[in-house]
Amino acid sequence: MEIETQEILPDNEIIERFINFLMNFAIPDENGKNFYKYREEILYITADETKRSIIIDFPDLALYDQDLVDNLLRTPIRVMNLFNSAFRKVLKTFNEDLTDDVLRRYRVRIKDVGKPISIRDLHRAENLGRIVNFRGIVVKATKVKPILRRAIFRCLVCGLAFPMEFEDEFQKPSACPNPACDNNSRFEMLKDGMEYEEYQELTIQELPEELPPGQLPQSVDVIIRGDLAGKARPGDRVTVYGIVKTFPERGLRTGKKPLFDIQIEALYVDSESSELEEIQLTEEEKEMIESLKKDANLEEKIYRSIAPSIYGYEYIKKAIAALLFGGVPKTLPDGTKIRGTINVLLIGDPGTGKSQILKYVAQISPRAIYTSGKGASAAGLTAAVVKTEDGWALEAGVLVLADKGIACIDEFDKMSKDDRRALHEAMEQQSISIAKAGIVATLNARTSILAAANPKFGRYIPDRDLSENIDLPPTILSRFDLIFILVDIPNKEEDYKKATHILGLHTKDIRPEPPFPPDFMKKYILYAREHVFPKITQKAAQKILDFYMKMRGTSKAEEEETLGMSPIAITARQLEALVRLAEAHARMLLKDEVDENDAEFAIELMRLSLSQVGRDPLSGQIDIGILSTGVSSSKRARYLIVMDIIKELEEEYPEGVPIKRIIEEAKRKQIPENFVVEVINKEKARGNIYEPRPGKYKLVSY
Ligand SMILES: Nc1ncnc2c1ncn2[C@@H]1O[C@H](COP(=O)(O)OP(=O)(O)OP(=O)(O)O)[C@@H](O)[C@H]1O
Ligand SMILES: [Mg+2]
Ligand SMILES: [Zn+2]
C-alpha cells in the first residue's frame, strides 16, 4: 500500500479550490470550444426554485484537483460541509438576492464516488467514516418530515441572541457566547428563527439476484436530506453514494459495551444507473444467445433446464417457461394497459414437488423472489404502512420487490387477509396503492406470480368444484392465466419411473444436468425480455380466434366438435391469456413474429388447464363459470332449483317441509338425493335454512 503523504488542506483553501473547480472546470463541446459544465448548471439552478443541489461527477473532480479529492476521501464530512459553503458562495455571486437562510438549503451532491461494496460489508471497520457506494432495493421509506437544522437562542441573563446548528441531535446551548456573561443554563429558543430541511430515511436491502445462495438479505438505513428526500419509492432499485456513519447502539454508558450501529449519510442516490447495470451481457454472450435461434432443439432444452430433478410435469414446465419469458405488455389507444405478465397457479397434494419447482424457478429467473404466503415481513406480499421509532414508513412487500420479475409464492392459500384484499389490484393493474397514516403512494408491481397451494381438504377431490377444493376466492383464481392440479394418484407404471428417477438422484452422485445452467438461463431470459418483442401474425390471431369461438360455441354442432366443452366456456380473460402465452412462446424462441405454432402452444396449455380445473363435476363438461365464480353453472342452477322447491312446498307445509317431499320433487327434476342433502346441510350452516322440527325444513325469510 502507498504511504499517504498528502497534506490536510486548511478549510479556506478547500473552499477556494472548490469554487475554482465549479467556475473553471470545462470540457470541449462538439465545436472544440470550452463548455463550463458546472458554471452553466449553477445558472439553471438559480433560475429553478425546485432545484436545490448540484450533482458533481467525481471523476471530473479527480481530473481537476487531486489534492481536493484526497481530502474529501480522508475527511468526507468536514470536506462536504466546506463544499456546501463554497457552492453557496458561488450561488450568491450569481444571485445577490439570495438570503443566507435560503442559501443554507442548497447542497452539493457527488456521484460515481467511493468504493463499490456490498451491503453486508458496510459495517467492516475499514469502511466506517469512509465514502462508499452500493446497490440495493428500497424496501422501506419513511414519511418526509422537516428536521430542525438551525435555531436562534437568546440568553435570558444578558439578552444576546445567537444561532445554533444541529446535525442529527437537538441540543441546547451549553454556555452563553458573550465572554462577559457566565450564564450556562437559562436560554430561550426564538420561535421565528427556526430553519428546517426535508429529512427522510430509506431502508435499502441487497438485490435478490446478488444474494449469496441460501442467505437472508441484509439491509441498511440511509439518511436523505433536502431536495433528494421523497424521490425514491419502495421497490426502486438504486445506487447509493454516501458516508458510513456510526452511532452508539444504546447510547454510551460507563461499564457497558461500546457497540455501534451504522447509517449511511447519502451524498447522492441514483435510481437509473442501477436499472441498467443489473446483469451485464458481454457481446460474446449476446452472440451466443442469438445463435441459439438455429438450434433445432432449443425449445426442448429450455424445458429440460427447468427443475431437471423433478420428474414429469412436462406441461407444467412449459407453462413455467412461458411465465419466465412473458408476453408483451400493451397500451391501448385509450390508455388502458394490458399486462404481459403470466400468472400460474399449482394446486397440489402434499409432496408432489411444488416447493421444489418454485425454488428452482427462483434460481433461474432474473429478479425472482421465493417466499411463503404466510409472509415473513409486515409488508407481506403487497405493501404496508408500518410504525417506526419516529413515525410511519411505507414498506414494500414481495410483489413490489420483484417488480419486473417473478414472485414464487409457496403456501399461497395461507396468505393474510390484507394481502388477499390488495392482491386483486396487484395482479390485474400491476400496481399497489396504499393510503394510511398520511402516506399515499402507488407502487409498481409488474410481477409474474408462480404460486403453489394445497387443496382445502389436504387432497384434491376430483368430483368437487375448484372453489370447494381451494380456499381462495374466485376473484383471485380468475387472475391466473393457467391453473394446474398436481394429484398424487397411484399409477403403477408412472410410479415406477418416478421412483427410479428419484432414487437415481439419491444413489448416484450425478444430478441431471440442465442443458442451460441457471446463470445462463437468467441471461437468456433477460436478453429475450429486453430485445424480443414478437408481433402477432394474422394466421396466429385467426387460430386463437377459432379456438375462442369454438369454446364459446354458437351452435350444437360446434359444441360437439369441441370435445364435450360446454358453450360460453371461455371469457375475454382467457383470450388475453392465450395471446400472452403465444407471445411468450415466440419470445423464448427469439422470434419476431407470433405464428401458428406459437398459437398452438398457447391453445394446448389452455385446454389442459381447463380440462383440469374447469370441468363441471356433474356434467363432466368444461365450464369457465367455475373460474369466475367458483361453481359450475349447472351446479349453481341445481342449487337454486332445490331452494325453489323448498320455497314452493312451504305453502303446503307451513310447519316445515319434510325432507322426503323435497327429495321426491328434486328427483323429478333429475337432481339426486345426495345433492339435496348437501344443499340443505350447507344452507343450514349458513343460516339460510332452519329445521323447526326434526326432518322438516323452512327457508329463513328476511
Ligand atoms: N415428480 C417428482 N420428481 C422428483 N422428485 C419429486 C417429485 N415429486 C416430489 N418429489 C420430491 O418429493 C419431495 C417433496 O416435494 P415438495 O416439498 O416440493 O412437495 P410439495 O408439493 O411442496 O408438498 P407440500 O404441499 O407438503 O408443501 C421433494 O424432495 C421432491 O424433490
Ligand atoms: Mg411445499
Ligand atoms: Zn449571556
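Tutor: We will take these topics in turn, keeping in mind that this is a predicted model.

Student: At what angle do helix H1 and helix H2 pack?

Tutor: Two packed helices are described by the angle between their axes and by the distance between those axes. Here helix H1 (residues 11-24) packs against helix H2 (residues 37-47) at an angle of about 85°, and their axes are 5 Å apart. Because angles of 65 to 115 degrees count as roughly perpendicular, H1 is roughly perpendicular to H2. On the H1 side the contact involves Phe21, Leu22, Met23 and Asn24, which meet Tyr38, Arg39 and Ile42 in H2; by class, this contact has five nonpolar, one polar and one charged residues.

Student: Which residues line the second largest cavity?

Tutor: Rolling a probe the size of a water molecule over the atoms shows where empty space is left. A search of the whole structure finds two cavities of 30 Å³ or more, and the second largest cavity has a volume of about 40 Å³. The second largest cavity is lined by Arg339, Ser478, Phe480, Asp481, Arg573, Gln574, Ala577 and Arg580, a lining that has, by class, two nonpolar, two polar and four charged residues.

Student: In what order do the three strands of the open sheet lie?

Tutor: Strands of a sheet pair through backbone hydrogen bonds, either parallel or antiparallel. In this open sheet the order is E27-E29-E28, with antiparallel pairing. Strand E27 (657-658) and strand E28 (689-693) are at the edges and have a single partner strand each, so one side of each lacks a neighbour in the sheet. E28 is joined to strand E29 (residues 696-699) by three bridges, and Ile689 stands opposite Leu699 in E29.

Definitions and conventions. Residues are numbered from 1 along each chain as its sequence is written. Chains are lettered from A and ligands numbered from 1 in the order in which they are written. This is a predicted model: local features need pLDDT of at least 70, side-chain atom pairs count only at pLDDT 80 or more; totals for chains, interfaces and linings use all residues. Side-chain values use heavy atoms; hydrogens and water are left out. Axes are lines fitted to C-alpha atoms, for helices over the stretch in contact, and angles run from 0 to 180 degrees between N-to-C directions. Helices (H or I, at least four residues) and strands (E, at least two) are DSSP runs, numbered from the N terminus. Angles under 35 degrees count as roughly parallel, over 145 as roughly antiparallel, 65 to 115 as roughly perpendicular and the rest as oblique. Contact means heavy atoms within 4.5 Å. Ala, Val, Leu, Ile, Met, Phe, Trp, Tyr, Cys and Pro count as nonpolar, Asp, Glu, Lys and Arg as charged, and the others, Gly among them, as polar. On a 1 Å grid over the protein atoms alone, a cavity is a set of points where a 1.4 Å probe fits but cannot get out, and a pocket is an open set with protein on both sides within 12 Å along at least five of seven lines; lining residues have an atom within 4 Å of a point. Grid points are joined across faces, edges and corners, and a volume is the space filled by probe spheres set on the points. Two strands pair if DSSP finds at least two bridges between them.
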